[in-house]
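Biologist: I would like to learn how to read a model of this kind feature by feature, with the general idea before each case. Could we start with the strands and how they pair?

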Amino acid sequence: MDKKEIALQLEINHRNFVITVDKRVFEKVENGKWQECSKEDKDVQALNKYLKPPKSLDII
Amino acid sequence: MKKNYYNEELEKMLNRYIKEEKYGGFKPLLNEIFQRRAYEFQFNEKQMKKQIKNFVRRTEKIGFGKNIKKINRNTNACLRRFKGKGYIWLNCEANKYKANDIDWLILYEELTHEVYHAIAYGGKCIGLYNIKTENGTIEDEIINETAAIRTSFLRTSKDNENFRKETNGYSEMTFVANLLAASFGIEERELLKGGIQNRKEFEKACQKYLSKEDYENDVSFHYDILKGNLDFLYNVLYGEEENEMDLQVLKESLTEIYSQIYEIASVNVTKSTREITQEYAEELAYHFQKICTIMTKSLKDIGKRFLLRESTVNEIFEKAVENSLGYLYKVSDVIALTNRESQIKNPAVWEEMSKLAKQGELIENAEKFGMEVGKNLTSRYKLIQYHKKTNHEFENPTQWDNQDVMEIIEQLWNEREVIDVAEFEQKLRDKTIRQKIKDYIMQFKNRNLKKLEDPKSKFKELKNNLDEKYKVSPENLKPMENGKNTRKHSKESGKEEKM
């Protein structure tokens with residue numbers, strides 16, 4: 001993951017997350033490395049709220 | 001009475017393509033929307049023809065609807081898409097539409113916003129949608145809304161003071177569209193014109209004073225980060241349910257948006273293809289002031305709405321100011337240089353000083369060039385603050401003639417047929433299901449017909465083969481021993497004629 005790709009850094013429940021510009025979620029793990037998170041992860045699911053597109057152009 | 005922004009050729013074109021039979025009483029409003037769009041954003045007739053045709057091809061219906069909030073609680077009007085066709089709904093349940101001229105204009109503005117979406121929907125015209133998912137994006141929304149406001153309402157002196165006109169929709173986010181134009185060093189009109197067409201035109205507008213290479217290497221990633229944070233901010237402000245992380249996301253995304261605006265503005269000065277002139281310095285002073293004013297006001301407004309602590313607001317503000325320093329240095333350097341323009345006779349020296357100014361290093365090296373100028377931040381701010389500012393954009397804002405627009409809207413409102421949008425969409429889906437069942441039955445029928453046809457042809461083929469095999473020529477016929485001849489036999493077997 002390139003630094004240029006990082007859109008947002010957040011700390012949730014003492015875990016460090018970053019969300020990339022293409023909406024992937026990574027967590028800081030041992031040795032300061034970033035690992036892509038599983039979609040089943042509860043904290044990641046909570047973050048999904050912030051990744052939704054606006055609704056006014058919905059496809060029915 | 002003919003309006004001064006009306007184009008007669010365009011009017012003929014509109015009457016040819018936009019039919020009352022399809023859009024009913026909305027036709028004159030559509031004509032007005034297209035006329036204003038062509039005038040304000042300076043589209044030529046060829047471009048308008050393409051846009052009108054695309055709109056007509058894709059837009060099936062415009063109407064007043066109820067239960068829109070069931071679909072999206074945050075919207076008053078929407079463009080819904082179904083099987084390649086668009087349906088524009090104006091919410092008739094909103095309480096704000098009273099018999100009041102201003103409110104009728106809000107309704108007209110909402111219609112304009114959705115028509116702009118519809119114009120850019122489909123084919124190569126895809127607005128600023130996400131091309132991969134075909135979902136809308138918040139950047140598309142804020143660009144459309146800012147453009148729709150611009151072609152609906154008149155600009156007031158208060159708007160000029162604020163460097164922007166407040167919007168009706170996405171009111172806490174549209175400031176980003178105003179900021180973006182300033183940070184790219186272009187007029188809002190140019191940015192909006194690109195954005196209401198497609199990504200390619202939008203990027204072309206953003207790169208007006210940059211080389212393609214510099215844009216791709218030094219600017220686009222800042223813009224991608226900004227876009228990502230717009231999504232986060234949108235979901236905090238307009239998301240479906242509140243979340244305990246909202247405040248944290250709000251704070252981080254807002255900080256990031258302001259930072260990226262300053263980053264883009266700063267790179268835009270360094271990499272600008274423009275020569276340093278008085279005009280450029282005046283525009284820079286205007287854009288700097290515009291960014292600072294809008295940033296401060298938008299932060300204050302959001303802080304008020306979310307009851308942010310003063311310390312949180314200050315933290316975001318301080319971070320933004322910190323990120324603005326590079327831009328401040330460059331803008332004040334350019335102004336300091338143009339202030340001494342008449343004293344610099346040597347082109348090579350001017351060239352060297354220009355280069356340093358664009359990098360924000362001129363005032364730092366003032367002594368080298370015999371310049372007496374304050375180096376601290378206050379001196380730099382003052383240099384910008386008291387410099388002449390050029391704002392080409394709103395010197396003569398267009399005076400829209402809204403009288404008949406409001407009358408038409410009011411009449412449409414009074415005679416409106418209200419459609420339950422949720423039910424309407426269900427019918428569309430049911431129709432599709434019915435069509436699917438019909439298709440399935442037809443497919444089944446065809447298959448059976450094919451099955452029936454096959455044995456028939458096989459039977460014919462078999463029969464022909466048999467006929468051929470057992471064909472007897474008359475010469476070969478011999479009387480039968482028991483006196484029965486072949487003819488009689490044939491008659492009995494019923495095959496006489498065929499023999």
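Biologist: In this predicted model, which residue in β3(B) is the bridge partner of B:Gly65?

Modeller: To read a sheet, one looks for the bridges between strands, and two strands pair if at least two bridges are found between them. Here the bridge partner of B:Gly65 in β3(B) is B:Asn91, while in β4(B) the partner of B:Gly65 is B:Ile419.

Biologist: How many bridges join β1(B) to β3(B), and how many join β1(B) to β4(B)?

Modeller: Six bridges join β1(B) to β3(B), and these two strands run parallel; three bridges join β1(B) to β4(B), which also run parallel. By contrast, β2(B) and β3(B), residues 85-91, run antiparallel and are joined by six bridges, with B:Arg80 standing opposite B:Tyr87 of β3(B).

Biologist: What is the order of the strands in the open sheet of chain B, and which are the edge strands?

Modeller: The four strands of chain B form an open sheet in the order β2-β3-β1-β4, and the pairing is mixed. The edge strands, each of which pairs on one side only, are β2 (77-82) and β4 (418-420) of chain B. From one strand to the next the twist averages 45°.

Biologist: Are B:Arg80 and B:Glu425 buried or exposed?

Modeller: Both B:Arg80 and B:Glu425 are buried.

Biologist: Where in chain B do B:Glu282 and B:Lys388 lie, and how is their accessibility to be read?

Modeller: B:Glu282 and B:Lys388 form a salt bridge in which the closest N and O atoms are 3.9 Å apart. The pair links distant parts of the chain, since B:Glu282 is in helix α14 of chain B and B:Lys388 is in the loop between α17 (377-385) and α18 (403-414) of chain B, 106 residues apart. For accessibility, buried means under 20% relative accessible area and exposed means over 50%. B:Glu282, at 13% relative accessibility, therefore counts as buried, whereas B:Lys388, with a relative accessible area of 56%, is exposed.

Biologist: What about the salt bridge between B:Asp214 and B:Lys271?

Modeller: The side chains of B:Asp214 and B:Lys271 meet at 4.0 Å, N to O. B:Asp214 is in helix α12 (residues 212-238) of chain B and B:Lys271 in the loop between α13 (246-270) and α14 of chain B, so that this pair, 57 residues apart, also links distant parts of the chain. B:Lys271 has a relative accessible area of 30% and is partly exposed.

Biologist: Which residues of chain A are linked in a network of salt bridges?

Modeller: A:Glu5, A:Asp22, A:Arg24 and A:Glu36 are linked in such a network.

Biologist: Why is helix α10(B) said to be largely enclosed?

Modeller: One asks how many residues of the helix are buried, and then what covers them. Six of the eight residues of α10 (residues 188-195) of chain B are buried, so the helix is largely enclosed by the rest of the structure. These buried residues include B:Arg189, B:Leu191 and B:Leu192, and their cover includes α3 (27-40), α7 (138-150) and α9 (175-183) of chain B.

Biologist: Which residues form a nonpolar patch on the surface?

Modeller: B:Ile433, B:Ile437, B:Tyr440 and B:Ile441 form the patch, and together they have about 410 Å² of accessible area. B:Ile441 lies in helix α19 (residues 421-469) of chain B and, at 43% relative accessibility, counts as partly exposed.

Definitions and conventions: Residues numbered from 1 in each chain as written. Chains lettered and ligands numbered in written order. Predicted model: local features only at pLDDT ≥ 70, side-chain atom pairs only at ≥ 80, totals over all residues. Heavy atoms only, no water. Axes fitted to C-alpha atoms, helices over the stretch in contact; angles between N-to-C directions. Patch = residues over 30% accessible without salt bridge, like charges linked within 9 Å, V, L, I, M, F, W, Y side chains within 5 Å. Areas by Shrake-Rupley, 256 points an atom, 1.4 Å probe, with all protein chains shown as cover. Buried < 20%, exposed > 50% of the residue type's maximum accessible area, 1.4 Å probe, protein only. Contact = heavy atoms within 4.5 Å.
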